[in-house]
Amino acid sequence: MATTTAVPPAPPRRVNRIGLEQAAYKGNKSTLCAGCGHNAISERIIEAFYEMGVEPHRVIKLSGIGCSSKSPAYFMRTSHGFNAVHGRMPSVATGAMLANRHLIAIGVSGDGDTASIGIGQFVHLMRRNLPIIYIIEDNGCYGLTKGQFSATADIGSVLKTGVVNDLPPIDTCALAIQLGATYVARSFSGDKRQLLALLEGAIAHRGTAMLDVISPCVTFNDHEGSTKSYSYVKDHDEPLGDLSFVPFFEDITVDYDPGTTKEITLHDGSRLLLKKLGEDYDPTNKVEALRVLTESHERGEVVTGLFYVNTQRPDFLQLMNLVDEPLATLPESRVRPPQAALDEVMESLR
Amino acid sequence: MGVTEVTLSEVENQAAPHRVVNDLSIQVATVNGSGSQSSNLVLLRAIFQMGIPVSGKNLFPSNIAGLPTWFTIRASKDGWIARRKEIDFLVAMNPETVEEDVQTLAPQTPVVYDEKLDVGRFRNDLVLYPVPFDQLVAPVCPDAKLRKLVRNMIYVGVVAKLLGIDMAEVEKALRKQFQKKVKAADLNFKAVVAGYDFADQHLPKADRFWLERMNATQGKILIEGNAAAALGCMFAGVTVVSWYPITPSSSLAETLISYMKRYRIDPETKKATFAIVQAEDELAALGMVIGAGWAGARAMTSTAGPGISLMAEFVGLGYYAEVPAVIFDIQRVGPSTGLPTRTSQGDILSTAVLSHGDTKHPLLFPSSVGECYSMAMDAFDLAEELQTPVFVMSDLDLGMNYWMSDPFPYPTRPLRRGKVLTAEDLKQRGGFLRYADVDGDGIGYRTLPGTNHPAAGYFARGSGHDERAIYSEKPDVYVRNMDRLARKWETARRLVPGPVIEGGAGGGIGILACGTSHWAVIESLDQLKREYGVEAGYCRVRAYPFNDQVADFIRRHVSTYVVEQNRDGQLCSLLKLELDPEDTARLRTVRHYNGLPIDARSVTDSIAQQEGWN
């Protein structure tokens, strides 16, 4: 054919503030079940890091064991990743951040990985306020071993096999707030807008950002009688407010009526805007946060949103009084004291 | 066996019937929490300052105050510093144990004791030195509350007088012990003098033991193995330490903290070139080390047997994901809680193959404080070169007791950081395969998180993976990877410190040992020669994997006695895993496992018995 057709103009290449396309933040193809909430969370992570213009080489992705913990392979392919042992990702993350304080850590765990086998390391991570975004992909069950209850399953929730859970759930958000985490939220894998704003806020925050994201297991826990199914969470989701995020590099003024919106400035200058839906909520008040969580359990609601934020508490790396450079790559001259030091010690031992 | 020894001693005694000079072991029996450790260290140090080779062993309970504790000081003109089985001089301060303490003594053994204990009721064949401690301490220490702590200094003065320890050296040692606490030092020295004066006036010398100045400790230092290891870690450039308190390893981390605070704070910024974290448990301690090692730091932890058991899972991850880590195991008596304040070499076998699946880990066996220092540096180099967890197998005897040593040399070898690719390297190479055996030594190249190159990232994992670190369950990929790890093990065999072999003529018998058994073995070699005219060869293994020299040594001897401090002959079992069957038939064992440091007499007697010499 000799006809010439006009080449349609290529759509403008969309890049973020450091000149990367969103594709640069993608990972390998997911091997999780189609419709798994975890895949939606991976998508939001990709979007958040892209929108914030984070350099992928500065990011470390960490996880424990389970379906959730496979997911770091499905976002940010070029970043370093570490799939550790069951329930013990927090310690690996802590070590890595001590070795190189300039890294940005994102840890992905599950409700089994965090609330049962890993509860010990989880509480100490929260207590240390290590700079990390810690996500629990929470489906109330052990997916990879075919659907046993986890410790976040609600009382009365029913397994496919008919087994009823009769133990109270561990509320990881309440625990995290009580123990010292400085950015604590709950969200739903199906709520794109809220989850993205919370993730972007977590990137802007410095300290432990703990996000419990209800993420239904389509294969083992999405049936009638489950309190972690898509339909149950949609029906019972009570957002604390309408959350939006304004990154530090966008010079946007947002108009709102006084008294309707609470504004929180995060460490890098980004802002979170919490527009009130019902009652007044102050996410800087720890007691208030714990009250709201306790009452929502009693009402059988799934309250979502940012429960607590504290931009004042120093993070763990600040407490360590570390030199500015990464410890990992300090040259020999900085880490091996001079001969005079050894001589002094030897003299004291004579 | 024992008969031979007694005969020999008697011969010596006849030659010098009244004086045994610079060759005795003093046992002090006290109650813990009574300040006796200070008194004992003052005695130890004063003897050391007199130029006499000396060693001290603290046999203490797992308790803070109120239970029996013993301290043994051995002075030896010949330089033997292993524990001596026999007690030549007793200081009995503990009413709870006094009867037991005096029962085992040989006739004519001198005993210094609190007169209230009335040692004469138990034995009438000892040299008795009763001391009225309460009467002596009251005028020296008007504050009744302090008396309990000062009281034990009195026996220092008594012993100094009876044995001829120079009081100027006692005072110097005491002031060193109390450092800047001048008032406490003054008070304690008054108690020493009170004891000395009492002995001078009331206790005529009736035993044959004397200490006299010699010149065998000049220039030497006294240090505990854990402090020596801490120094080694600091000069190895350690940057991340995570630990969980456990006897007998805590003092390693704690001493390291004090050294690092002094010598590793940046002089300009006053900021730390290190991070030390007390973890929530041993699992987290090693988890942090693995995370830090993956991110490029020189990272370590120190623990003891129960901690090693808890770390098993992470050690397997370190082996399979190939992450450098240094783990000090200050071995104590197991199984389970066991005897937490007593020494052992009981973790050798379980640590060598710690974790599930096919795993093997390099072990280093320091036998001296000097090796605690040097092997700490070796361990970090090996961990980074081999990209794997490396264990330093110390023990309570080495770690928590004071040992004489030549001063440690300043390291001349630069740090060996292993195969790490920078962004610049990646630019030249265009990329890399994390787990490919490019150099044929089984060791891949790694990148550190934070490396600014799009090809730098890889996914470390404990699940099956291919050369690119991508998840794989394929049989051939798994086998290829495991075979490469086996190849890396052969590289480790070449890199770890080789054995020290003495008396290589061959024939006859050989002795093979590791770690602190060394001190009993060298003394036993001397006993075997003097008592039986046998010159045995000696192979001291310093690391696992063993190299060919070890097998050669075993082949050169008709039989080789593996001397070790555990019940089941763990070092021997490890040798059997690697040796040819005809060689393993030559192995015998001498096993010592009562929680006390091994002594030469036990080794010599066991070999003599097995050889049928008596």
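1. A term to start with: helices here are DSSP runs of H or I with at least four residues, and strands are runs of E with at least two, each numbered from the N terminus. Keep that in mind for the element numbers below. Also, this is a predicted model, and every value in this note is computed from it.

2. Start with the second largest pocket, at about 670 Å³. Its lining counts 22 residues, and those closest to the centre are A:Ser348, A:Leu349, B:Arg45, B:Gln179 and B:Tyr402. On the chain A side, helix 12 (339-349) supplies at least two residues of the lining. On the chain B side, the elements that each supply at least two are helix 2 (36-49), helix 7 (167-178), strand 9 (221-224), helix 9 (225-235) and helix 10 (250-263).

3. Which element gives this pocket the largest share of its lining? That would be helix 10 of chain B, with 6 residues. By class, the lining divides into 10 nonpolar, 7 polar and 5 charged residues. As for its place in chain B, domain 1 (17-210) and domain 2 (223-405) both give residues to the lining, so the pocket lies between them.

4. Rolling a probe the size of a water molecule over the atoms shows where empty space is left.

5. Helix 17 (residues 475-495) of chain B provides the largest share, 4 residues. Both domain 2 (223-405) and domain 3 (420-495) of chain B give residues to the lining, so the largest cavity lies between these two domains.

6. Two helix pairs are worth a look. In chain B, helix 18 (residues 517-532) packs against helix 22 (residues 600-611) at an angle of about 50°, with the axes 8 Å apart. These two helices of chain B are therefore oblique to each other, and their crossing is right-handed.

7. In chain A, helix 1 (residues 37-52) and helix 7 (residues 192-204) also pack at about 50°, and their axes are 9 Å apart. That angle makes helix 1 of chain A oblique to helix 7 of chain A. The crossing of this chain A pair is right-handed.

8. Now some backbone details. Most residues other than glycine have a negative phi, and most peptide bonds are trans. Where are the cis bonds to check? One joins B:Gly334 and B:Pro335, with omega about 0°; B:Pro335 is in the loop between strand 13 (325-333) and strand 14 (339-343) of chain B. Another joins B:Tyr544 and B:Pro545, with omega about 5°, and B:Pro545 falls in the loop between strand 24 (543-544) and helix 19 (548-556) of chain B.

9. Last one, in chain A: what is the phi of A:Met76? It is positive, about 45°, although A:Met76 is not a glycine. You'll find A:Met76 in the loop between helix 2 (67-70) and strand 2 (80-83) of chain A.

Notes. Residues numbered from 1 in each chain as written. Chains lettered and ligands numbered in written order. Predicted model: local features only at pLDDT ≥ 70, side-chain atom pairs only at ≥ 80, totals over all residues. Heavy atoms only, no water. Domains from an automatic or database assignment. 1 Å grid on protein atoms, 1.4 Å probe; cavity = no way out; pocket = protein on both sides within 12 Å on 5 of 7 lines; lining within 4 Å. Points joined across faces, edges and corners; volume = space filled by probe spheres on them. Nonpolar A, V, L, I, M, F, W, Y, C, P; charged D, E, K, R; others polar. Axes fitted to C-alpha atoms, helices over the stretch in contact; angles between N-to-C directions. Parallel < 35°, antiparallel > 145°, perpendicular 65-115°, else oblique. Left-handed = near helix turned anticlockwise from the far one by under 90°.
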